[in-house]
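User: I have a model open and would like to talk through it. Could we begin with the charged side chains?
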Amino acid sequence: MTTGPATLRLRALAGARLRVSVWDANPHIPPPFDKCPGPPHPVHPAHADGGRGLFLVCHYADAWGGYPLGGGLFGRGGKLLWCEIGPHAADRVAAA
């Protein structure tokens, strides 16, 4: 969550894949994006009212990750979260 600026970028990749990237000014990497890609584990209980959105992204995406961005040359800082979705993602959603 951020209270500052944010951007969303969609990029078509080879093989009918889509990369979704989100940048915001908050440097905190939320779970499960703070871990190496692999089988995600829910952070919140199933009966919770919220907090499962990024878990679902990781569950259905083919690849995902996140990393903090330093101030660097452009001084933006914050973080970048991304995921890639391929044509088989719809099969995983239907199976669920």
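User: How many salt bridges does a search of the whole structure find?
Analyst: The search finds four salt bridges. A salt bridge here is a side-chain nitrogen of Lys or Arg within 4 Å of a carboxyl oxygen of Asp or Glu. Please keep in mind that this is a predicted model: local features need pLDDT of at least 70, side-chain atom pairs count only at pLDDT 80 or more, and totals for chains, interfaces and linings use all residues. Residues are numbered from 1 along each chain as its sequence is written, and side-chain values use heavy atoms, with hydrogens and water left out.

User: What does aspartate 62 pair with?
Analyst: Aspartate 62 forms a salt bridge with arginine 17, and the closest N and O atoms are 3.3 Å apart. The two residues are 45 apart: arginine 17 is in strand S2 (residues 17-24), while aspartate 62 is in the loop between helix H1 (53-60) and strand S3 (63-68). Helices (H or I, at least four residues) and strands (E, at least two) are DSSP runs, numbered from the N terminus.

User: And what about glutamate 84, which arginine does it meet at 2.7 Å?
Analyst: That partner is arginine 17, with the distance taken from N to O. Glutamate 84 lies in strand S4 (residues 79-85) and arginine 17 in strand S2, so this pair ties together parts that are 67 residues apart in sequence. Glutamate 84 also forms a salt bridge with arginine 19, where the closest N and O atoms are 2.4 Å apart. Arginine 19 is in strand S2 as well, so this second pair ties together parts that are 65 residues apart in sequence. Through shared partners, salt bridges join Arg17, Arg19, Asp62 and Glu84 into one network.

User: Is glutamate 84 buried or exposed?
Analyst: Glutamate 84 is buried, because its relative accessible area is 10%. Buried means under 20% relative accessible area, exposed over 50%, and partly exposed in between (1.4 Å probe, protein chains only). Arginine 17 counts as partly exposed at 25%, as does arginine 19 at 28%. Aspartate 62 is partly exposed too, with 33%.

User: Changing topic: in what order do the four strands of the sheet come?
Analyst: The order is S1-S2-S4-S3, in an open sheet with antiparallel pairing. S1 and S3 stand at the edges with a single partner strand each, so one side of each has no neighbour in the sheet. From one strand to the next, the twist averages 15 degrees. For that angle, axes are lines fitted to C-alpha atoms, for helices over the stretch in contact, and angles run from 0 to 180 degrees between N-to-C directions.

User: How many bridges join S2 to S4?
Analyst: Seven bridges join these antiparallel strands. Two strands pair if DSSP finds at least two bridges between them. Tryptophan 23 stands opposite leucine 80 in S4.

User: Where is leucine 8, then?
Analyst: Leucine 8 is in strand S1. At 59% relative accessibility, leucine 8 counts as exposed.

User: Where is confidence lowest in the chain?
Analyst: Confidence is lowest in helix H2 (residues 89-95), with a mean of 64, and highest in S1, at 93. The score is pLDDT, the predictor's confidence in each residue, from 0 to 100. The protein chain averages 78, and 67% of the residues score at least 70.
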